[in-house]
Amino acid sequence: MAEGPAELLGYAYAGDQFCTGELEADFWTHPDHHEPELGDRLLGLSERRAAQIAVERGYTDARLDVFCSTANRAKRDLLRRHGYALERTVYRMTTDLSHGAPLTETPEGLEIRPFRLEADERALYELMNEAFVDHFRQSQEPFDAWRHASSVTPTSTRSSGGSPGTAMRRPAASSPTTTATSAGFKGLGVRRPWRRRGLGTALLGHALAAFFARGQLRVELGVDAEGATTPLRLYARAGMQATSSYELYAKPLVG
């Protein structure tokens, strides 16, 4: 923490959320502070702590990721000066359900139903690991850790061969951007053999209808622009629009 005489001037942190050697960091400085080097110092502290974590956990090829709002030119320029390279762009997409949720059809032979606590947890865990195996920040954390962290309201599909897909909705109070009238997605995943059959569209429409029924009319989610499943098209067809974007910068960590 960087503290001034009367207020907080900045902060920095480093973490290991994914336990894969791909660590994450961030830093912030008060827009009115008058120390030009503060951002550089905070980023340096993040890098030092991340390097310590990498050594403690035995990562031999660690790297550090930092997200930056596309609109924040000062932070982007600082990251580039420190050797970070742009990896990819993530969009924040939103939709307004004031006029209702889009109507979608469930593919033949499938049933969309609510998630059952305990009975469906293991199946959901396995489904999400399989559906997101190609995602750039995916890591297969232990089941108990995933179960503890997944405070969500999933919707699952069923077929004679198991569960091919799910949409996970964040509870209204689980994010600073969600309120009594807004909500967001934790994730939407479809197993590879079931893709391109309309299942993702059906799950998305079903979840949006559930939000609408609860009076949560503003819905948001984050989308990897370079995702292998071209998710931007899916969400755009449901009336969602990109309202902001973030860039992921990364560089190798030197112990």
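**Salt bridges, cores and aromatic pairs**

A network of salt bridges links E22, R63, D65 and E87. The model is a predicted one. R63 is partly exposed, with a relative accessible area of 23%. D65 is buried, at 1% relative accessibility.

Side chains of opposite charge can pair when their charged atoms come close. In this model the count of salt bridges comes to 14. One of them joins the side chains of D40 and R81, at 3.6 Å from N to O. D40 belongs to helix α1 (residues 38-56) and R81 to helix α2 (residues 73-81), so this pair ties together parts that are 41 residues apart in sequence. D40 is buried, with a relative accessible area of 17%. That value falls under the 20% limit for burial. R81, in contrast, is exposed, with a relative accessible area of 57%. Another salt bridge brings together the side chains of R49 and E56, at 3.5 Å from N to O. Here R49 is partly exposed, at 35% relative accessibility. E56 is exposed, at 56%.

The largest nonpolar core holds 23 residues. Within this core, F185, L204, L208 and Y235 touch the most other members. At least two core residues come from each of β9 (182-190), α5 (199-213), β10 (218-224) and α6 (231-237). Helix α5 gives the most, with 7 residues. The contacts of Y235 illustrate the packing. Leaving aside residues up to four places away in sequence, Y235 touches M93, L188, L204, L221, V223 and M240.

M1, L8, Y11, Y13 and W28 make a nonpolar surface patch of about 500 Å². Strand β2 (residues 8-15) gives the most to the patch, with 3 residues. W28 is found in strand β3 (residues 22-29). W28 is partly exposed, with a relative accessible area of 32%. Y11 is also partly exposed, at 30% relative accessibility.

Y11 and W28 form a stacked pair, with 6.0 Å from centre to centre and 25° between the planes. This pair links distant parts of the chain, with Y11 in strand β2 and W28 in strand β3, 17 residues apart. Both Y11 and W28 are members of the nonpolar surface patch.

F185 and F211 form an edge-to-face pair. Their centres are 5.5 Å apart, and the angle between the planes is 90°. F185 lies in strand β9 and F211 in helix α5, so the pair ties together parts that are 26 residues apart in sequence. F185 and F211 are both buried. F185 is also among the residues that touch the most other members of the largest nonpolar core.

Technical notes. Residues are numbered from 1 along each chain as its sequence is written. This is a predicted model: local features need pLDDT of at least 70, side-chain atom pairs count only at pLDDT 80 or more; totals for chains, interfaces and linings use all residues. Side-chain values use heavy atoms; hydrogens and water are left out. A nonpolar core is a set of buried Ala, Val, Leu, Ile, Met, Phe, Trp, Tyr and Cys residues joined through side-chain atoms within 4.5 Å. Buried means under 20% relative accessible area, exposed over 50%, partly exposed in between (1.4 Å probe, protein chains only). Helices (H or I, at least four residues) and strands (E, at least two) are DSSP runs, numbered from the N terminus. Contact means heavy atoms within 4.5 Å. Patches are made of residues with over 30% relative accessible area and no salt bridge: like charges are joined within 9 Å, nonpolar side chains (Val, Leu, Ile, Met, Phe, Trp, Tyr) within 5 Å. Accessible areas come from the Shrake-Rupley method with a 1.4 Å probe; for residues, only the protein chains shown count as cover. A salt bridge is a side-chain nitrogen of Lys or Arg within 4 Å of a carboxyl oxygen of Asp or Glu. Rings of Phe, Tyr and Trp (its six-membered ring) pair if their centres lie within 6.5 Å; planes under 30 degrees apart count as stacked, over 60 as edge-to-face and the rest as tilted.
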